[in-house]
Amino acid sequence: MGAVNDKAKNIFEQMFTDFLRKQEENLSCQICMEIVNNPHVLWCGHFFCAECLTGHAKALVKQRDNPRCPTCRVIHGRFKPAESYVLREQAYDLRQALQIPQPERGKLKWPEQFIPTERDRDEPLPFRIRPTDTLF
Ligand SMILES: [Zn+2]
Ligand SMILES: [Zn+2]
């Protein structure tokens with residue numbers, strides 16, 4: 001019985017190690033390559049640390065380039081990246097499991113030039129916004 005239990009334990013340990021490795025890959029910021037800190041999502045679905053995204057956006061403004069995803073290079077037009085609570089929780093749990101200290105939560109400072117104006121906000125929507133509507 002002991003040998004069987006040991007074998008089962010080894011299989012579980014291997015599965016858990018593989019799972020953590022996969023999670024680490026999935027939850028890595030493609031700018032700093034670390035487990036993402038305060039993840040923000042772009043329209044293309046890619047996400048990055050708030051501070052990495054801030055640095056990237058600042059560089060784009062300097063080059064007079066549009067908001068552009070660092071990974072797939074797609075242009076987004078004026079928008080504001082959305083904070084992902086789910087990814088943030090997952091990243092927190094993963095660091096916990098890997099015994100990596102939790103970093104201080106990074107802040108997003110999105111450039112003024114990339115924030116939609118009222119006029120731009122209307123354009124991509126199929127219907128007029130109502131006074132009670134909130135946009136992100
Ligand atoms: Zn990052
Ligand atoms: Zn992208």
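Among contacts in this chain between residues at least 6 apart in sequence, 59% join residues at least 24 apart; here two residues are in contact if their C-beta atoms, placed from the backbone, lie within 7 Å. What you are looking at is a predicted model, where local features need pLDDT of at least 70, side-chain atom pairs count only at pLDDT 80 or more, and totals for chains, interfaces and linings use all residues. Residues are numbered from 1 along each chain as its sequence is written, while chains are lettered from A and ligands numbered from 1 in the order in which they are written.

Let's start with the overall layout. The chain has 4 helices and 3 strands, and along the sequence they follow the pattern α-β-β-α-β-α-α. Helices (H or I, at least four residues) and strands (E, at least two) are DSSP runs, numbered from the N terminus. Buried residues make up 15% of the 136 residues. A residue counts as buried if 20 or more other C-beta atoms lie within 10 Å of its own, as exposed if 12 or fewer do, and as partly exposed in between.

The 3 strands form an open sheet in the order 2-1-3, with antiparallel pairing. Strand 2 and strand 3 are the edge strands, each pairing on one side only. Two strands pair if DSSP finds at least two bridges between them, and strand 1 and strand 2 are joined in the antiparallel sense over 3 bridges. Within that pair, His40 stands opposite Phe48 in strand 2.

Next, follow helix 2 (50-62). Helix 2 lies across strand 1 and strand 2, running at about 95° to strand 2; the angle is taken between N-to-C directions on a scale from 0 to 180 degrees, using lines fitted to C-alpha atoms, for helices over the stretch in contact. The buried residues of helix 2 are Ala50, Glu51, Cys52, Leu53 and Ala57, and what covers them includes strand 1 (39-41) and strand 2.

How many residues make up the largest nonpolar core? There are 12 in all, among them Leu27, Ile35, Phe47, Leu53 and Ala91. Strand 2 (47-49) and helix 2 each supply at least two of the core's residues, and helix 2 gives the most, with 4. A nonpolar core is a set of buried Ala, Val, Leu, Ile, Met, Phe, Trp, Tyr and Cys residues joined through C-beta atoms within 7 Å.

The 13 residues of helix 2 should span 18 Å at 1.5 Å a residue, and the end C-alpha atoms are 18 Å apart, which agrees. The expected span is 1.5 Å times one less than the number of residues. Helix 3 (residues 85-97) also reaches 18 Å from its first C-alpha to its last, close to the 18 Å expected.

Finally, look at some backbone angles. Met33, in the loop between helix 1 (2-26) and strand 1, has a positive phi of about 65° although it is not a glycine. Met33 is exposed, with 8 other C-beta atoms within 10 Å. Just after helix 3, Gln99 takes a positive phi of about 55°.
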